Amino acid sequence: MVSEFDLIANYFTRPTRHTKLGVGDDAALISPAHGMELAISVDMLVAGTHFFHDTDAYNLGWKSLAVNVSDMAAMGANPKWTTLAIALPEINELWLSEFSRGFFACAEAFNIDLIGGDTTRGPLTISVQIMGEIPTGKAIKRSGAEAGDDIWVSGTLGSPALALAHLQGKVAIAESALPACLDALHTPMPRTALGLSLRDIANSCIDISDGLLADLGHILEASNLGAQLNLDQLPCHDFLRERLGDPAFQQYPLAGGDDYELVFTAPESQREKISQLSKQLNLPLSLIGETTKYLGLKVNYKNKTLAISKRGFDHFG
């Protein structure tokens with residue numbers, strides 16, 4: 001019978017690259033580089049709340065780390081260390097093999113060491129803590145936006161929420177659009193290179209996990225500002241763009257969440273740098289609105305202001 005310690009040794013122990021002491025002791029030992037601050041974040045994924053019970057184990061392994069890497073990207077931090085605590089209803093070695101393979105594929109892609117964690121029996125729950133480095137004083141905070149800033153977003157929005165609605169039987173996606181939407185839902189790509197490049201460009205930044213309106217709202221609240229957005233300018237899959245006149249489809253890019261793209265604000269004077277950055281990273285960066293000194297968040301579509309009823313995902317809403 002596989003013990004807890006066998007499980008850790010077999011599936012969650014790997015060589016480390018920038019860690020003094022990793023898995024196997026009472027605590028890990030790390031040492032930030034000179035002149036660096038630590039950025040630390042944690043996320044929990046619960047079966048039935050954040051993912052289906054039958055979600056592919058490899059994809060779940062990737063996503064459980066990727067959503068945390070995205071938090072580092074939003075701060076302009078370089079992710080380096082992670083811990084993993086996981087509750088399992090039973091020991092399924094095939095599932096564990098695939099989950100750990102996906103988790104470490106993401107760790108390899110972003111050069112991250114797994115340095116510790118915990119395992120126990122219980123309803124399937126995955127909790128990941130991540131730590132990264134930022135040069136002292138260079139963190140991109142939510143509170144830094146200024147009135148008149150441009151509002152930008154990376155990649156495309158709405159595809160993961162659309163894919164989830166499809167899996168729930170709420171909407172049918174064309175076969176030609178389905179693979180891209182499912183990939184966006186199951187294997188999000190954190191925008192770390194963008195986050196690192198925005199340190200001296202952006203005034204504020206956040207990753208989009210709960211929905212564009214909800215997460216941008218956190219920037220506006222922290223910065224005591226309002227904003228105007230143009231739905232016409234939001235980047236999204238062609239399948240979704242063709243249906244944006246329908247209020248039922250407007251919610252996907254505005255409030256669907258699970259995008260793990262970055263929304264950031266920057267002065268108008270930075271437009272050329274941001275355009276060049278988009279080319280360098282081969283990543284679409286779209287100007288979608290501006291911040292205002294007047295509180296409130298307005299969304300316009302074809303020169304009309306929309307009535308917004310939903311702003312994003314709320315665990316206790």
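Leaving aside its neighbours within four places in sequence, which residues is serine 223 in contact with? I looked this up in a predicted model. I found Arg142, Ser143, Gly144 and Ala145 in contact with serine 223.

I then checked the setting of this residue. Serine 223 belongs to helix H7, which covers residues 212-223.

I read an open sheet of seven strands with mixed pairing, in the order S6-S8-S5-S9-S7-S10-S11. Strand S6 (204-207) and strand S11 (304-305) are the edge strands, each pairing on one side only. I looked at one pair within the sheet: strand S5 (residues 150-154) and strand S8 (residues 262-266) run antiparallel and are joined by four bridges. Valine 153 has valine 263 in S8 as its bridge partner.

I came back to H7 here, as it packs on the sheet.

Last, I examined a helix pair. The axes of helix H4 (residues 159-167) and helix H5 (residues 178-186) cross at roughly 105 degrees and come within 7 Å. I therefore recorded H4 as roughly perpendicular to H5. On the H4 side I listed Ser159, Pro160, Leu162, Ala163, Leu164, His166 and Leu167 as making the contact. On the H5 side the contact is made by Leu178, Cys181, Leu182, Ala184, Leu185 and His186. I sorted the residues of this contact into 10 nonpolar, three polar and no charged.

How values were computed:
Residues are numbered from 1 along each chain as its sequence is written. This is a predicted model: local features need pLDDT of at least 70, side-chain atom pairs count only at pLDDT 80 or more; totals for chains, interfaces and linings use all residues. Side-chain values use heavy atoms; hydrogens and water are left out. Axes are lines fitted to C-alpha atoms, for helices over the stretch in contact, and angles run from 0 to 180 degrees between N-to-C directions. Helices (H or I, at least four residues) and strands (E, at least two) are DSSP runs, numbered from the N terminus. Angles under 35 degrees count as roughly parallel, over 145 as roughly antiparallel, 65 to 115 as roughly perpendicular and the rest as oblique. Contact means heavy atoms within 4.5 Å. Ala, Val, Leu, Ile, Met, Phe, Trp, Tyr, Cys and Pro count as nonpolar, Asp, Glu, Lys and Arg as charged, and the others, Gly among them, as polar. Two strands pair if DSSP finds at least two bridges between them.
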